[in-house]
Amino acid sequence: MTARPTTPPPASTGPKPGYARVVTAPRLDLDALLADPATRIIVCCGSGGVGKTTTAAALGLRAAEQHGRRTVVLTIDPARRLAQSMGLTELDNTPRQVKGIDTEAAGGELHAMMLDMKRTFDEVVQAHTTPQRAAEIFANPFYQAMSSTFSGTQEYMAMEKLGQLRATDEWDLIVVDTPPSRSALDFLDAPARLSRFLDGRMLRMLLAPARGGRSMFSLVTASFGLFSKAVQKILGAQLLTDLSGFVAALDSMFGGFRQRADETYRILQDPQTAFLLVAAPERDAVREAAYFAERLVAERMPLAGLVLNRVHRSALPSLSAESGEAAAARLDAAGDQQ
């Protein structure tokens, strides 16, 4: 496990010409990270199949048992591996306490939950509009589709859920288990993509009649009529009607969506958050981790370090690679002779 590289020594103390400089990265002290009360959020990122979910579960368990922290582990990955890791039969959108762990000495607690995209969207609507308007939104076919299956909704709702957990100030530590690396990048991109959607030309056209009333509608009738006919050919008349009703119903909430997404994004950039890259000692996994690390640095996200999972210690640390290969070749040869 390594953290960010140390600063190279001054030129005057550097190696002599013809020799390569070896920079050793400092060891990542996970216990210090978990025990630090200033660490409030840990985001585990990485490609699929490297043990990211079990790493997140282990971090949560360690924080609760050894450091007495009230911890919740949130998985965004729709697979149910987190529940299996913690011995639970199921997880849902509400934190469930993990029983049977040793927290008597430290006094911590461990909870786990799995993002329910539609339920989170429903909660947002209920919290930021009237019951009558919420009922209209829930009945809209476009909302029903968007809240369940639309690409990008999961990542944005993950931002909403993380913001909700952080806003309650109920948790000492929130551990986030993200989907595989490229989807985790979508998690970071969710606020920007939402802003582009809310500021898009099509959305403004759909909102213009609803916001302006009859007088506004009379001014845009010609242009909107041409626009709607063109869109109907692509989407169909009923879908356009559903979309217009959905946009009009959510109009009063759009500013809140953008504001909360931006606030959560700033939380991810805050020193209270630590990103941990999880990788296996395999070329593709390490390449994915390097790609994600570059993105985190570019976005000014606090990268705490790399967890290199599935590394086995050798019983013969002094054995060189050449000697090992030669011994393996001799064993193969001996097996062929039998």
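**Working notes on the model**

Modeller: Before you start: this is a predicted model. As a first point, Met159 is part of helix H7, which covers residues 153-168.

Colleague: Is Met159 buried or exposed?

Modeller: Met159 is buried, at a relative accessible area of 1%.

Colleague: And how far is its C-alpha from that of Tyr265?

Modeller: The two C-alpha atoms are 8.0 Å apart, while Met159 and Tyr265 are separated by 106 residues along the chain.

Colleague: Switching to cysteines. How many disulfides are there?

Modeller: The search of the whole structure gives 0 disulfides.

Colleague: Buried or exposed, Cys44? And Cys45, buried or exposed?

Modeller: Cys44 is buried, with 0% relative accessible area. Cys45 is buried as well, at 1% relative accessibility.

Colleague: Now the surface. Which residues form a nonpolar patch?

Modeller: Val286, Leu308 and Val311 form one, and together they have about 230 Å² of accessible area.

Colleague: Where is Val311?

Modeller: Val311 sits in the loop between strand S7 (303-308) and helix H13 (321-337).

Colleague: What is the relative accessible area of Val311?

Modeller: It is 51% for Val311. The cut-off for exposed is over 50%, so Val311 counts as exposed.

Definitions and conventions. Residues numbered from 1 in each chain as written. Predicted model: local features only at pLDDT ≥ 70, side-chain atom pairs only at ≥ 80, totals over all residues. Heavy atoms only, no water. Disulfide = S-S within 2.5 Å. Buried < 20%, exposed > 50% of the residue type's maximum accessible area, 1.4 Å probe, protein only. Helix = DSSP H or I, 4+ residues; strand = E, 2+ residues; numbered from the N terminus. Patch = residues over 30% accessible without salt bridge, like charges linked within 9 Å, V, L, I, M, F, W, Y side chains within 5 Å. Areas by Shrake-Rupley, 256 points an atom, 1.4 Å probe, with all protein chains shown as cover. Salt bridge = Lys/Arg side-chain N within 4 Å of Asp/Glu carboxyl O.
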